[in-house]
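Welcome! Please take a moment with the sequence and the 3D view below, and then we can walk through a few features together.

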Amino acid sequence: MIRSASAAVLLAALAASPAAASETRSSSAHEHGHGQLNIAIEGNSVLMELEIPGADIVGFEHEAKSDADKAAMTDAEKKLKDGAALFHFQGATCTFAQAQVEDGHEDHGKQPAAQEEQHSEFHVAYEISCDDASRLTGIEFPFFAVFPHSEELDVTVLGAQGQFKYEVERDTPMLPLKN
């Protein structure tokens, strides 16, 4: 469970904020290759929430039934929990204290089950502690090397300087942070 109640409130406000919504992507949109990352910085605590299509992480959308699919899901959850391997903070020493991973599977449509449109998403919450978050200058994203089906993350950062929107892409996996 996330320890900082005020940082959790910041993330909730961030997710509900109209500025966090993209013109081409609503909260219910599901676009392969594109995920959403919300970051709240308060004091020396950083909270991150990642929402990403299952196809970007495991390469498929259907419910995992085969042994191979179940193994892919287990491997993906293990990789997603290792936030330090996916996101490298620059300018300050930061430690990933906790990660919670949930995978969701939804069926859409009124067709027989075999023909329904299926979507799955991963939701991950990270709690990070930094020695001096005011010194953060950027975040590198080895995330894209670990998950080759992902192309872009829409990132919203909320901190002492305000709220900012970025797009971090596979070709330029770096997020500059305002000081």
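In this predicted model, the largest nonpolar core has 38 residues, and those touching the most other members are Ile39, Leu80, Phe87, Phe141, Phe143 and Leu175. Strand β5, spanning residues 117–130, gives the most to this core: five residues.

Which residues does Leu80 touch, leaving aside those up to four places away in sequence? They are Leu50, Ile57, Leu86, Val101, Phe122, Val124, Tyr126 and Phe147.

Now for a sheet. An open sheet is formed by three strands in the order β3-β6-β9, with antiparallel pairing. At its edges sit β3 and β9, each of which pairs on one side only. From one strand to the next, the twist averages 15 degrees. Here are the strands with their residues:

| Strand | Residues |
|---|---|
| β3 | residues 88–90 |
| β6 | residues 138–140 |
| β9 | residues 174–176 |

Between β3 and β6, which run antiparallel, there are three bridges. Phe89 has Ile139 in β6 as its bridge partner. As a general point, strands of a sheet pair through backbone hydrogen bonds, either parallel or antiparallel.

Finally, have a look at Gln163, which belongs to strand β8, residues 162–169. Why does Gln163 count as partly exposed? Because its relative accessibility is 29%, and partly exposed covers the range between buried, under 20%, and exposed, over 50%.

Technical notes
Residues are numbered from 1 along each chain as its sequence is written. This is a predicted model: local features need pLDDT of at least 70, side-chain atom pairs count only at pLDDT 80 or more; totals for chains, interfaces and linings use all residues. Side-chain values use heavy atoms; hydrogens and water are left out. Two strands pair if DSSP finds at least two bridges between them. Helices (H or I, at least four residues) and strands (E, at least two) are DSSP runs, numbered from the N terminus. Axes are lines fitted to C-alpha atoms, for helices over the stretch in contact, and angles run from 0 to 180 degrees between N-to-C directions. A nonpolar core is a set of buried Ala, Val, Leu, Ile, Met, Phe, Trp, Tyr and Cys residues joined through side-chain atoms within 4.5 Å. Buried means under 20% relative accessible area, exposed over 50%, partly exposed in between (1.4 Å probe, protein chains only). Contact means heavy atoms within 4.5 Å.
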